[in-house]
Amino acid sequence: MLDLGCGPGTLDYPTYRHLRFFGVDQYPDAASAHWPANAWLTLADAERLPFADQVFDLGLAGFVFEHFATPGAALRELSRVLKPGALLHLSIPRSNSLHDRLYRFTFKGGGHLQRYSLESFVEMVYAETAFKLEGYAPSQGGFTWLRDVPSGEYLYGLLFRSFRAWAQLGWHPLEASDYRMLFRLGDRGGYQRVDHVCAHCGTAFLDAPGQGTWQCHGCGFVNIKVPSSVTRHLSPETHV
Amino acid sequence: MFEGFRARFLQPPAGEWYRKGLVIESARTTADHTLPRLGAIFPGVTWDLLSRRERSGFRQVFQIKRPLGGLRLLWAARRSYDLVAFFHARGDRDLRIYSWLALLLMRPRRFFAFIERGDGLWLAAEDGPRIRKYFSDRYGWRRRVDLAAWAIRWFASGPRGWAVSMGRGLVRTIRSIGLLVYATVSLAWAVLLLAFFRLFYDTRHYRFRFFTKQAALHPERELGTRESPAS
């Protein structure tokens, strides 16, 4: 199992004695000196993994892709070292969430070089690799980074009580702070973007002629066409 | 003195007040084990069922074949039942239609029973008297023709009732305002502390910037020169 951006260890390695973990990180962590016999640490860049092709059965990348300067290259390396059909568990923070904003505010960016939403991240994965999304789950922010500041426990309690009060008032700012995703490496990459979906029957089209409106070929319903200036990044294109 | 009053109006004995009931059920959301519990809550009642599924344990089962398929039944039997119970009125569009139609059309002799969570508190057998009282108090609009019940309602809806409802509203408003102030102040205080750490705390070397000698106290933290803390 490949643990990309392992830090002190993403999982409790001794619990999974039947697995062999290969942790990869750019900097050593003090905890890695106490890792069990089934875990090894490799210091390397994610863009150039020092492993042969198709050697790992599982991949794990927890909250690292927002730190990469070239996440596309890291994704391609992951698809290279993982076996066909292998699973990849990915976690990213939603950059618009209050949790991630507080983190970046406190640590002056905190090394988060990328800003992701679920859609933009999946779009990037599909454009770069043959990974296909099998499932995802939004999760609340856990404020684990407060361990790195003085009186972090007090701050955590303060924020916890505050957000609990906000929740009673109907505001849930910590909802969907992070996304946990499960990908499976397929045999074919690329995707086709569908940006015209009939509002009446739901039929999807890659392109629709016409200026202000377009008529559905299936049901004849006349849809309003969104100007391309609004959906700049949603222009009809095919990545194969 | 009040025993007879209580027995008659507040805790009506089952089987004397109502003997015939109709259950309107959502076949997609009601668990199989919930419907038989009706017998514990309303003992002595013979139930009919309006549903999409064929079920046992009922005198008659009227199966809905299409949307609004049970409309004729609701109209024809609008005065035939003592009580009408809705199961899981939320979450099923067709059942909501039937609940509204039943409320508009039907005139049960006693009351409607809205049982929207049929597998929990509402169907515990020991809560039967309390549940019957709740239903009869809240939905027993047919009882308004009864002078005593009407007097109770009139008393509760008078100035005292207004005072009680206004007091409750005031308490809720004060509570919401207090909660809002507490949530805002605590969040602002937390953000202020984070801003302080942003200005004066060096997360790369785990020390305050104005205590430069602190680094010597924690040499073990200098092992990894990480670019950023774990997020």
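Biologist: What covers the buried residues of H1(A)?
Modeller: A helix (DSSP H or I, at least four residues) or strand (DSSP E, at least two) is numbered from the N terminus. A residue is buried with 20 or more other C-beta atoms within 10 Å of its own, exposed with 12 or fewer and partly exposed in between, with C-beta atoms placed from the backbone. In H1(A) the buried residues are A:Pro71, A:Ala74, A:Leu75, A:Glu77, A:Leu78, A:Ser79 and A:Val81. Their cover includes S1, S4, S5, H3, strand S6 (131-139) and S7 of chain A.

Biologist: At which pLDDT do side-chain atom pairs count?
Modeller: Residues are numbered from 1 along each chain as its sequence is written, while chains are lettered from A and ligands numbered from 1 in the order in which they are written. This is a predicted model: totals for chains, interfaces and linings use all residues, local features need pLDDT of at least 70, and side-chain atom pairs count only at pLDDT 80 or more.

Biologist: What are the ends of the sheet in chain A, and why do they stand at the edges?
Modeller: Strands pair if DSSP finds at least two bridges between them. The open sheet of seven strands is mixed in its pairing and has the order S3-S2-S1-S4-S5-S7-S6 (chain A). Each edge strand has a single partner strand, so one side of each lacks a neighbour in the sheet; these are strand S3 (39-43) and S6 of chain A.

Biologist: What is the average twist from one strand to the next?
Modeller: Angles run from 0 to 180 degrees between N-to-C directions, and axes are lines fitted to C-alpha atoms, for helices over the stretch in contact. From one strand to the next the twist averages 15°.

Biologist: Which residue of S2(A) stands opposite A:Leu2?
Modeller: Three bridges join S1(A) and S2(A), and the pairing is parallel. The S2(A) residue opposite A:Leu2 is A:Phe22.

Biologist: Which residues have the most contacts inside the largest nonpolar core?
Modeller: A nonpolar core is a set of buried Ala, Val, Leu, Ile, Met, Phe, Trp, Tyr and Cys residues joined through C-beta atoms within 7 Å. The largest has 34 residues, and those with the most contacts inside it are A:Leu4 and A:Leu88.

Biologist: Which element gives the largest share of this core?
Modeller: Two or more residues each come from strand S1 (2-4), strand S2 (21-25), strand S4 (56-62), helix H1 (71-81), strand S5 (82-93), helix H3 (118-128) and strand S7 (178-185) of chain A. The largest share is five residues, from S5(A).

Biologist: How many residues has the other core, apart from it?
Modeller: Among the residues of the other core are B:Leu22, B:Leu38, B:Trp47 and B:Phe58. The number of residues in that core is 23.

Biologist: What is the bridge partner of B:Leu22 in S4(B)?
Modeller: Strand S1 (residues 20-25) of chain B runs parallel to S4(B), with five bridges between them. Both faces of S4(B) are covered, with B:Leu83, B:Ala85 and B:Phe87 buried on one side and B:Val84 and B:Phe86 on the other. The partner of B:Leu22 is B:Val84.

Biologist: Why does B:Ala102 count as buried, and which residues is B:Ala102 in contact with beyond four places in sequence?
Modeller: B:Ala102 lies in helix H4 (residues 93-105) of chain B. B:Ala102 is buried because 20 C-beta neighbours lie inside 10 Å. Contact requires C-beta atoms, placed from the backbone, within 7 Å. Leaving aside neighbours within four places in sequence, the contacts of B:Ala102 are B:Ile24, B:Leu74 and B:Val84.

Biologist: Which helix gives the most to the side of chain B that touches chain A?
Modeller: Chain A brings 29 residues to the contact and chain B 25 residues. The most on the chain B side, 13 residues, comes from helix H7 (residues 159-200) of chain B.

Biologist: How many charged residues has that side of chain B?
Modeller: Ala, Val, Leu, Ile, Met, Phe, Trp, Tyr, Cys and Pro count as nonpolar, Asp, Glu, Lys and Arg as charged, and the others, Gly among them, as polar. On the side of chain B that touches chain A there are 14 nonpolar and seven polar residues, and the charged ones number four.

Biologist: Which element of chain B has the lowest mean pLDDT?
Modeller: pLDDT is the predictor's confidence in each residue, from 0 to 100. The mean for chain B is 71, with 53% of its residues at 70 or more. Among its elements, strand S3 (residues 60-63) of chain B has the highest mean (89), and the lowest (53) belongs to helix H1 (residues 3-10) of chain B.

Note on methods
Contact = placed C-beta atoms within 7 Å.
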